[in-house]
Amino acid sequence: MESGRNLRVVKSDSPVRIHTGKPENLPERLANRALGMKASEIRSLFAVASRPEIVSLAGGMPNLSALPMEMMASVTQKLILENGAEALQYGSGQGHPKLREQICDVMALEGIKAHPDDVVVTTGSQQALDLISRIFIDPNDVVLVEAPSYVGALGTFKQYEAQVVHVAMDQDGLIPSALKDAIATTKSAGRKIKFLYLIPNYQNPAGVLLPADRRTEILDICREEQILVVEDNPYGLLGFDKPSPNAMRASDSENVIYLGTFSKTIAPGLRIGWALVPQSLKEKMVIASESSILCPSNFTQLVISSYLANQPWRDQIASFAKLYKDRRDAALSALDKYFPKSATWTKPGGGFYIWVTLPPEIDTNALMPKAIAAKVAYVPGTAFYADGFGSWSLRISYCHPTPERITEGIKSLAGVIKTEMESRQIN
Ligand code: PMP
């Protein structure tokens, strides 16, 4: 303890709390950037949605029932017994060299030819989002994102005081002409655009896939306008019927930062993701990462490394995809069967999510308590917009419950929506 002055021991219930100064006006001392820190709508929903009687179509938690736990245990045990001194030691700030090579093999599945030197291993791709934001965003810089977009990215951009500008999507993802318009409007207002953030494969939250021709068009626009592209790809290998188109990074190694993760293809608890960055950025990424975590966990990197080296990981990804496909099928047929005809929804070819649009009079935030009373949870659409838009849409995650529970949950939700529509005389 720096100084014993003012040391007071205050007895509370338990354990004993030690105060070293006045706690009263801490909020006034916060940095500006901390003022905007608020728990995401999803986080506050988790406590309710995780009650066992509720069918949670809310959180996007990967379904680990298809992961052979005995195999994971034996990989881990062998690692500790044979290489514990390295696995339990600090490691390189950039990430373990062997794993960085293996990550290049994983990315090759989506057409990327990369050098392990350009890979920075992170604590999940969420940390990569934080590092990119830290490196690029000054307060009031503009970040372009899909409308709607991933809640965790929006939260990060907000913490770095970016202005988020949403760009329209349709059933085929981001619309190139809308991107051009957004760039023109933003530039003519004299504002600086730092990057375009997008999720081309089975997007979170919309579930849509960006076709190859749009990828090319978007890359061309961004190169021409000198706007960096941040391609976030957690779900690309979880296509149900056919592989997703090549990653955008496969055709542009200079202007695309690519983010990957093992959270959806192995396990999120290992917290290993990565960024593949243009060479000129690598040093900054590593320095930024070292300042927050020193180095990613050697232990979980080496668990993944020996798993990739010794286990049939491609087959394992295929069994995850099959598990999610069965759940997607259950969700789509329940929507068809029970939802009102005036609702529309996306039909994902992979990943975890369906985006549902209701008549505009319905407020999905206000509907949430009624859904909880009917034992089902979802995420209201406004969570996925930085500007409060989306009040008549919602995200359904079908990744976690069993197909039977998904059907039950969607049926209950349809009942809640229909009652609301009747009481407001909406057709
Ligand atoms: N990007 C997207 C689009 C996601 O959906 C998620 C997790 N839900 C992440 C990034 C972060 O994943 P992780 O940190 O587990 O790699």
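**Exercise 1. A salt bridge in a helix**

Task: In this predicted model, which residue forms a salt bridge with D220, and how far apart are the closest N and O atoms?

Solution: 
- Start with the partner. D220 pairs with R223, and the closest N and O atoms are 2.7 Å apart.
- Test the distance. A side-chain nitrogen of Lys or Arg must lie within 4 Å of a carboxyl oxygen of Asp or Glu. The D220–R223 pair is a salt bridge at 2.7 Å.
- D220 has a relative accessible area of 37% and is partly exposed. R223 is partly exposed too, at 41%.

**Exercise 2. Further salt bridges**

Solution: 
- Take R424 and E420. Their closest N and O atoms are 3.0 Å apart, in a salt bridge.
- Apply the cut-off for burial, which is under 20% relative accessible area. E420 is at 12%, so E420 counts as buried.
- R424 has a relative accessible area of 43% and is partly exposed.
- Now take R51 and E53.
- R51 is partly exposed at 37%. E53 is partly exposed at 35%.
- Salt bridges link D138, D141 and K194.
- Close with the count: 15 salt bridges.

**Exercise 3. The ligand shell**

Task: How many residues surround the ligand, and which are the closest? Then list polar contacts to ligand oxygen atoms.

Solution: 
- Count the shell. It holds 13 residues, and the closest are D232, Y235, T261, S263 and K264.
- Sort the shell by type. Four residues are nonpolar, six are polar and three are charged.
- Find the main contributor. Helix α6 (residues 124–136) supplies the largest share, three residues.
- List contacts to ligand oxygen atoms:
  - S125 has a backbone N or O atom 2.8 Å from a ligand oxygen.
  - Y235 places a polar side-chain atom 2.6 Å from a ligand oxygen.
  - R271 places a polar side-chain atom 2.8 Å from a ligand oxygen.
- Turn to area. The ligand taken alone exposes 390 Å², and the protein buries 91% of that.

**Exercise 4. Aromatic pairs**

Task: How many aromatic pairs are there? Classify W355–Y385 and F389–W392.

Solution: 
- Begin with the total: 14 aromatic pairs.
- For W355 and Y385, the centres are 6.5 Å apart and the planes make 50°. Stacked needs planes under 30 degrees apart and edge-to-face needs over 60, so the rest count as tilted. The W355–Y385 pair is tilted.
- Locate the two rings. W355 is in strand β13 (residues 353–357), and Y385 is in the loop between β15 (379–380) and β16 (393–397). The pair therefore ties together parts 30 residues apart in sequence.
- Check burial. W355 is buried at 9% relative accessible area. Y385 is buried at 11%.
- For F389 and W392, the centres are 5.4 Å apart and the planes lie at 65°, so this pair is edge-to-face.
- F389 is partly exposed at 43%. W392 is partly exposed at 27%.
- Finish with the cluster. Y235, F320, Y324, F352 and Y353 form one aromatic cluster.

**Exercise 5. Backbone geometry**

Task: Where do the cis peptide bonds A147–P148 and N204–P205 lie? Where are Q226 and K375, with their positive phi?

Solution: 
- A147 and P148 are joined by a cis bond with omega about 5°. P148 is in the loop between β5 (142–147) and α7 (151–159).
- The bond from N204 to P205 is cis, with omega near 15°. P205 is in the loop between β8 (193–198) and α9.
- Q226 is not a glycine, yet its phi is positive, about 55°. Q226 lies in the loop between α9 and β9. At 71% relative accessibility, Q226 is exposed.
- K375, also not a glycine, has a positive phi of about 70°. K375 is in the loop between α13 (364–373) and β14 (376–377). K375 is partly exposed at 43%.

Technical notes. Residues numbered from 1 in each chain as written. Predicted model: local features only at pLDDT ≥ 70, side-chain atom pairs only at ≥ 80, totals over all residues. Heavy atoms only, no water. Buried < 20%, exposed > 50% of the residue type's maximum accessible area, 1.4 Å probe, protein only. Near = heavy atom within 4 Å. Polar contact = N/O pair within 3.5 Å; in protein donor to acceptor, adjacent residues only side chain to side chain. Areas by Shrake-Rupley, 256 points an atom, 1.4 Å probe, with all protein chains shown as cover. Helix = DSSP H or I, 4+ residues; strand = E, 2+ residues; numbered from the N terminus. Nonpolar A, V, L, I, M, F, W, Y, C, P; charged D, E, K, R; others polar. Phe/Tyr/Trp six-rings, centres within 6.5 Å; stacked < 30°, edge-to-face > 60°.
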